[in-house]
Amino acid sequence: MSWRPTYRSSKFRNVYGKVTHREHCFDGVPITKNVHDNHFCAVNSKFLAVVTESSGGGSFIVIPVVQAGRLDSHYPKVCGHQGNVLDIKWNPFFENIIASCSEDTSVRVWEIPEDGLRRNMSEAVLELYGHSRRVGLIEWHPTSSGILFSAGYDYKILIWNLEIGEPVKMIDCHHDVILSMSFNTDGSLLATSCKDKTLRVIEPRSGRVLQQASCKNHRVNRVVFLGNMKRLLTTGVSRWNTRQIALWDQEDLSMPIAEEDIDGLSGLLFPFYDADTHMLYLAGKGDGNIRYFEITTEKPYLQYLMEFRSPSPQKGLGVMPKHGLDVSACEVFRFYKLVTLKGLIEPISMIVPRRSDTYQEDIYPMTAGTEPALSASEWLSGIDRDPVLMSLKEGYRRPNQLVFKAPVKEKKSVVVNGIDLLENIPPRTENELLRMFFRQQDELRRLKEELTTKDVRIRQLELELNNLKNVSPNNV
């Protein structure tokens, strides 16, 4: 029997991570200290958005990607939420549109000015209310321009049609808090991991569960679709409390195809998958390292490549879309690492070493672009389409002529005993109660001053009227 080594040739075998120089990092950022298991960071080719620490309510900042350096302590924020912001995501087709969700049970959609923020922004383009408890996750549909998914602590997923500003579907098959959501390439399937230790594959338009697995030996935390490979990858914890990853067939979740133990640390493992290079990146919350693997359709399925090491622990990571990468440097992935203790955001570039300076077509295939394949109404009617692809050669981008238009909604009212219940939403937290109290005190003070001014004006008008009455008989 001939012996064959496990080594296999790969063009990504020597990929390495390169940290940007300190002058090109973002310093002095008041990164949130919230312990919610999310990235608290979102990036596109124009802007970097980071959830920040704030006293009362929730806020995040939006910084132009080219504006590196130390941040001004009075830098303007997006601060319309009345509770802590738990997740933020950029619209993949409109680079000035960002969605956020919060402990105040709302989902909001914001339009950032082309040149960034000049003052605090508190008015959202859309305010979406439908959850009864805080909202922990949001995801944009990968091919439709106006579909947004939100998952709340009420165990429900709402599908929002932003063309009308209303929820059009509720997925109510989970029995505990939803931990993560991931779409396949054309957005026809949704995979979720849940605190009830169940992995599910759902048809989102009908809400029907196509496949599910009860993960007792591998407690799932995060799930991600692996492009068009018809595979799912999950990160979680084994029965021996070691961090573990598992590979699944999306059409048969009876048992995983492969499992691999990572280490014995306790931090949550975040998976990032690059469908163009078939590379998987694993980053642990509180770790300083990022491991990366290559995924194949044949055994051993998961091929370990290398590990990026850093002494600074990461709270979360943002990922730059493909069309924002530097192709001249053979950059295939870029992270934005949040270092809370230093108030620092470090860009980390994953680079394929090449000697040639020409465009490397083998590592930059056609990739998902910035043009939607479907409108919201088309997707809701049952149509599925693959993403519209674009080339990265010479920085080519297909121009997007679309403009995001928020629906104009008529103001509704539910009046009981002279009080509009929709206008006067009861406070949900003690801080919100105090803010409402002080706002009402200010409003009462203003109304008293206005009443005093009008009383004085009424007396003046009464005197003028009496003078006119006295003058009129004399003239007659």
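The legends below describe close-up views of a predicted model.

Residues are numbered from 1 along each chain as its sequence is written. In this predicted model, local features need pLDDT of at least 70, side-chain atom pairs count only at pLDDT 80 or more, and totals for chains, interfaces and linings use all residues, while side-chain values use heavy atoms, with hydrogens and water left out.

View 1. Helices (H or I, at least four residues) and strands (E, at least two) are DSSP runs, numbered from the N terminus. Of the 476 residues, 50% count as buried. Buried means under 20% relative accessible area, exposed means over 50%, and partly exposed lies in between (1.4 Å probe, protein chains only). The accessible surface comes to about 24500 Å². Carbon and sulfur atoms own 51% of that surface. Areas come from the Shrake-Rupley method with a 1.4 Å probe; for residues, only the protein chains shown count as cover. Among contacts with a separation of 6 or more, 51% are between residues 24 or more positions apart. A contact means heavy atoms within 4.5 Å.

**View 2. Strand β5 (residues 58-64) is mostly covered.** Of its 7 residues, 7 are buried. In a regular strand the side chains alternate between the two faces of the sheet. One side of β5 carries G58, F60, V62 and P64, and the other carries S59, I61 and I63; all are buried. Strand β4 (residues 47-52) pairs with β5 in the antiparallel sense over 6 bridges. Two strands pair if DSSP finds at least two bridges between them. L48 stands opposite I63. The β4 and β5 hairpin has 5 residues between the strands, and there G56 takes a positive phi near 80°. Strand β7 (residues 78-81) also pairs with β5, in the antiparallel sense, over 2 bridges. Here V78 of β7 is the bridge partner of F60.

**View 3. Four strands form an open antiparallel sheet.** The order is β16-β17-β18-β19. Strands β16 (178-183) and β19 (208-214) are the edges, each pairing on one side only. Neighbouring strands are turned by 20° against each other on average, direction ignored. Axes are lines fitted to C-alpha atoms, for helices over the stretch in contact, and angles run from 0 to 180 degrees between N-to-C directions. Antiparallel strands β16 and β17 (residues 190-194) are joined by 5 bridges. S182 stands opposite A191 of β17.

**View 4. Salt bridges include E103 with R134 and D104 with R108.** The structure holds 27 salt bridges. Each is a side-chain nitrogen of Lys or Arg within 4 Å of a carboxyl oxygen of Asp or Glu. In the E103 and R134 pair, the closest N and O atoms are 3.4 Å apart. This pair links distant parts of the chain, 31 residues apart. E103 sits in the loop between β9 (97-102) and β10 (106-111), and R134 in the loop between β11 (126-129) and β12 (135-140). E103 is partly exposed at 30% relative accessible area, and R134 is partly exposed at 31%. D104 and R108 meet at 3.6 Å, N to O. Both D104 and R108 are buried.

**View 5. R243 and D263 form a salt bridge (2.7 Å, N to O).** R243 lies in strand β22 (residues 243-249) and D263 in strand β23 (residues 258-263), so the pair ties together parts 20 residues apart in sequence. R243 and D263 are buried. Salt bridges that share partners join R243, D263, D287 and R291 into one network.

**View 6. A cis peptide bond joins K299 and P300.** Omega is about 10°. Most residues other than glycine have a negative phi, and most peptide bonds are trans. P300 lies in the loop between β26 (290-295) and β27 (302-308). Y301 is found in the loop between β26 and β27. Phi of Y301 is positive, near 70°. Y301 is buried, with a relative accessible area of 14%.

**View 7. K197 has a positive phi near 65°.** K197 is in the loop between β17 and β18 (198-203). K197 is partly exposed, at 43% relative accessible area.

**View 8. I164, V168 and L380 make a nonpolar surface patch of about 210 Å².** Patches are made of residues with over 30% relative accessible area and no salt bridge: like charges are joined within 9 Å, nonpolar side chains (Val, Leu, Ile, Met, Phe, Trp, Tyr) within 5 Å. I164 lies in the loop between β14 (157-161) and β15 (166-171). I164 counts as partly exposed at 42% relative accessibility.
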